Each structure stands twice: as structure tokens, then as C-alpha cells.
Amino acid sequence: MITINQKDDPTQGCQYSHVNIDSLPDNIKICVVNINTYQALAEKISRIVLDFSWMMSLDPTIRLAYDYTVRETANKLNAICSKVIENSQIEKDFGEIMVSITASESLRQLFEHISLPISELWKEKVTGNHGFDFHTICPTDLIHFGEAKYSSTENPYTAAIEQADRFITEEKHYRDIIHLSRIIEKGAPIQNLAQSKFSIVAAFSISSDNPKLIIENAVKKVSEFKINTFAQNIYLVGVIC
């Protein structure tokens with residue numbers, strides 16, 4: 001892999017890299033996240049989920065509808081982060097939050113995306129499989145729908161790609177419009193989505209001594225699914241744990 005761009009974020013204990021591999025299709029972008037310290041990352045994630053400033057731009061009535069769900073879920077996620085801050089042990093619940101947040105942040109740092117609050121905060125369920133895990137908006141006003149998978153023993157790129165593909169088939173990206181149209185300040189991203197213009201992010205943990213091979217396998221796997229033709233771009237984000 002060849003590193004094209006690299007950003008260090010000491011406040012989040014991470015390093016973000018935009019990389020390339022031989023014969024990479026034009027519509028596939030690759031990011032790799034290296035985590036230097038889980039405790040710093042957990043502290044940053046805790047601050048992110050407890051930051052309710054994004055709600056201030058909502059219509060007051062809409063804000064009432066989201067307020068309890070957002071605060072209830074934020075407190076739950078903060079408790080998960082607190083365990084990591086105290087003992088630096090990674091559990092599955094934190095792992096999936098970690099992959100979502102760092103993947104979103106990598107796109108913000110490397111590609112100038114806008115990161116939206118992770119969807120677990122503003123969807124109906126406190127926990128559970130509610131659809132895409134995170135969303136970003138790129139400079140050309142495309143919404144990116146992100147699916148995150150974590151495993152302490154495997155490299156779940158297939159699960160992330162497969163689930164993203166299934167969610168598109170089930171039109172869960174369109175189901176998000178009712179929420180996204182309230183959260184996104186300008187209308188162009190929603191208008192593009194209504195015209196079936198969007199991108200996908202498949203984010204996954206990497207627990208291998210050969211990250212390059214895992215990324216190459218993930219690129220090959222994308223070609224097996226419909227999202228390869230439906231999405232404008234596909235971002236693969238490997239989080240090395």
C-alpha cells in the first residue's frame with residue numbers, strides 16, 4: 001500500500017491515512033486508522049457523544065422529539081467509554097462505536113467531509129440494528145452511508161460490505177431521509193439522495209499482522225455486491241486494533 005495522505009490526531013489518539021493499492025478502481029477509496037491509545041480515543045468519543053450543540057440548529061419542535069432519545073443514548077455510550085478510560089479494555093460495544101467514530105473522523109480529516117452525529121444517537125432504539133451506523137457529507141454534497149463492524153479476533157470486512165449492500169437493497173438509506181432532512185442544514189445532499197446519488201462507507205476492524213492483505217481482500221469483495229454499481233463511491237476504512 002502507498003500512503004497518499006496522512007493526518008495525526010493526538011487528541012483522539014489516532015493516525016489517519018489515505019492509501020492506494022495497485023489497480024484500485026476509481027470509485028473505491030481506502031483509509032486506514034491506526035489507534036495509538038484507546039484511553040485518549042475513549043475520552044474523545046465521550047466528548048463527541050455528549051456534545052449536543054448540533055441539536056441547537058434544529059427546529060424547536062423537532063428538537064423536543066429527539067431530546068430524550070439523544071440524551072438517553074449519549075449517557076449509555078458515555079458509560080461504555082468510561083469503562084475503557086478506566087481499564088483500557090476493549091469490549092464489543094465500544095469496538096463498534098470506535099470503528100464508527102474513527103471511520104467518520106478519517107473522512108473528515110482526509111477528505112474534508114462533514115461528520116454527522118452517529119445514528120444511534122438520533123434513531124428510535126437505544127441499542128439494536130437500526131440501519132446505517134454513521135453518515136458523512138462530502139464537499140460535492142453526497143451523503144455517505146456508513147456501516148461499521150468490529151471483532152477482536154477476525155477481520156469483518158465481509159460483514160460490513162454485505163450488510164451495507166443489504167441495507168441499500170432494503171432502502172434503509174431512503175428511510176433515513178426523514179431524519180437526515182432535519183439534521184442536515186442545506187438541502188442539496190437530500191436532493192442528491194432523492195436522485196439516487198449517494199456513497200457507501202464500509203468500516204471494519206483489522207486484527208491481522210498483514211493489513212495490506214485484508215484491504216486487498218476487501219476491495220475484491222466489493223465487486224461481488226450491488227453497491228459496486230449503485231453507489232457513486234465506496235470508501236473502505238480499516239481500523240487497526
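Trainee: What order do the strands of the open sheet have?
Mentor: This is a predicted model, and its open sheet of eight strands runs in the order 1-2-3-8-7-6-5-4, with mixed pairing.

Trainee: And which strands stand at the edges?
Mentor: Strand 1 and strand 4 (114–115) do; each has a single partner strand, so one side of each is left without a neighbour in the sheet.

Trainee: Which helix packs on the sheet, touching strand 6, strand 7 and strand 8?
Mentor: That's helix 5, residues 157–169. The direction of helix 5 makes about 135° with that of strand 6.

Trainee: Okay, back to the start of the chain. Are strand 1 and strand 2 parallel or antiparallel?
Mentor: Antiparallel: residues 2–9 and residues 14–20 pair over seven bridges. Asp 9 stands opposite Cys 14 in strand 2.

Trainee: What about the hairpin there, how many residues lie between the strands?
Mentor: Four, and Gly 13 in that hairpin takes a positive phi near 65°.

Trainee: New topic: where is Thr 73, and is it buried or exposed?
Mentor: Thr 73 sits in helix 2, residues 60–87. Thr 73 counts as buried because its relative accessibility is 0%, and the cut-off for buried is under 20%.

Trainee: How are Thr 73 and Glu 120 placed?
Mentor: They are 47 residues apart along the chain, and their C-alpha atoms are separated by 7.2 Å.

How values were computed. Residues are numbered from 1 along each chain as its sequence is written. This is a predicted model: local features need pLDDT of at least 70, side-chain atom pairs count only at pLDDT 80 or more; totals for chains, interfaces and linings use all residues. Side-chain values use heavy atoms; hydrogens and water are left out. Two strands pair if DSSP finds at least two bridges between them. Helices (H or I, at least four residues) and strands (E, at least two) are DSSP runs, numbered from the N terminus. Buried means under 20% relative accessible area, exposed over 50%, partly exposed in between (1.4 Å probe, protein chains only). Contact means heavy atoms within 4.5 Å. Axes are lines fitted to C-alpha atoms, for helices over the stretch in contact, and angles run from 0 to 180 degrees between N-to-C directions.
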